[in-house]
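The tour goes from the whole chain to single residues, one selection at a time.

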Amino acid sequence: MEFCPKCGSRLEPKKSKSGKDASLVLACQKCGYKKPEGDEKGETKVLPKVIQHSPQQLVAVIGKEEQKLSTLPTVHMECSRCGNNMAYVWQVQTRGADESSTQFLRCTKCNYTFREYS
Ligand SMILES: [Zn+2]
Ligand SMILES: [Zn+2]
């Protein structure tokens, strides 16, 4: 049951003609207040489901990656970009018949990544 926000009387269902369709609206018989159509009851039904990617997850992923990187061994290698002489080194085994691996190097200062074929 609903009450009029203006005078507090009980709202009665009334037929209201809008265009072709006759719809029921709640109206106050005392002051003539009419509850607008499309009230909060209808709105709660069509609430869209919002899938949010939590920013905390992204931070965790980046943190993990950095941790991995910091455990890599370093070698003395002059960076062609900034002149730094220290670089992280790791090897990636290339798939295929030949078992050659590719050595990757990343400058510890500017993160410039380059590779060397062994
Ligand atoms: Zn009223
Ligand atoms: Zn560098």
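Two strands count as paired when DSSP finds at least two bridges between them. With that in mind, note that the model is predicted.

**Whole chain.** Followed along the sequence, their order is β-β-α-α-β-β-β-β. The chain has 118 residues, of which 5% are buried. Of the contacts between residues at least 6 apart in sequence, 23% join residues at least 24 apart.

**Confidence.** Now colour by pLDDT. The chain has a mean of 78, and 65% of its residues reach 70 or more. Among the elements, strand 3 has the highest mean, 93, while helix 1 (residues 40–45) has the lowest, 50. Where pLDDT is low, the predicted coordinates should not be read in detail.

Select strand 3 (74–76) together with strand 4 (residues 86–93). The two pair in the antiparallel sense, over three bridges. To see one residue pair here, pick His-76, whose bridge partner in strand 4 is Met-86. Which residue of strand 5 is the bridge partner of Tyr-88? Select Arg-106 to find that partner.

**Thr-71.** The C-alpha atoms of Thr-71 and Tyr-88 are 9.0 Å apart in space, although 17 residues separate the two in sequence. Thr-71 sits in the loop that runs between helix 2 (55–70) and strand 3. Is Thr-71 buried or exposed? It has 8 other C-beta atoms within 10 Å, so Thr-71 is exposed; the cut-off for that class is 12 or fewer.

**Arg-10.** Finally, move to Arg-10, in the segment before strand 1 (11–18). Arg-10 has 12 other C-beta atoms within 10 Å and is therefore exposed, since 12 or fewer is the limit for that class. Show its contacts, leaving aside neighbours within four places in sequence: Arg-10 touches on Met-1 and Phe-3 by the contact criterion. Then select Lys-30 and draw a C-alpha to C-alpha distance from Arg-10: the value is 8.8 Å, for two residues 20 apart in sequence.

Definitions and conventions: Residues are numbered from 1 along each chain as its sequence is written. Chains are lettered from A and ligands numbered from 1 in the order in which they are written. This is a predicted model: local features need pLDDT of at least 70, side-chain atom pairs count only at pLDDT 80 or more; totals for chains, interfaces and linings use all residues. Helices (H or I, at least four residues) and strands (E, at least two) are DSSP runs, numbered from the N terminus. A residue is buried if 20 or more other C-beta atoms lie within 10 Å of its own, exposed if 12 or fewer, and partly exposed in between; C-beta atoms are placed from the backbone. pLDDT is the predictor's confidence in each residue, from 0 to 100. Two residues are in contact if their C-beta atoms, placed from the backbone, lie within 7 Å.
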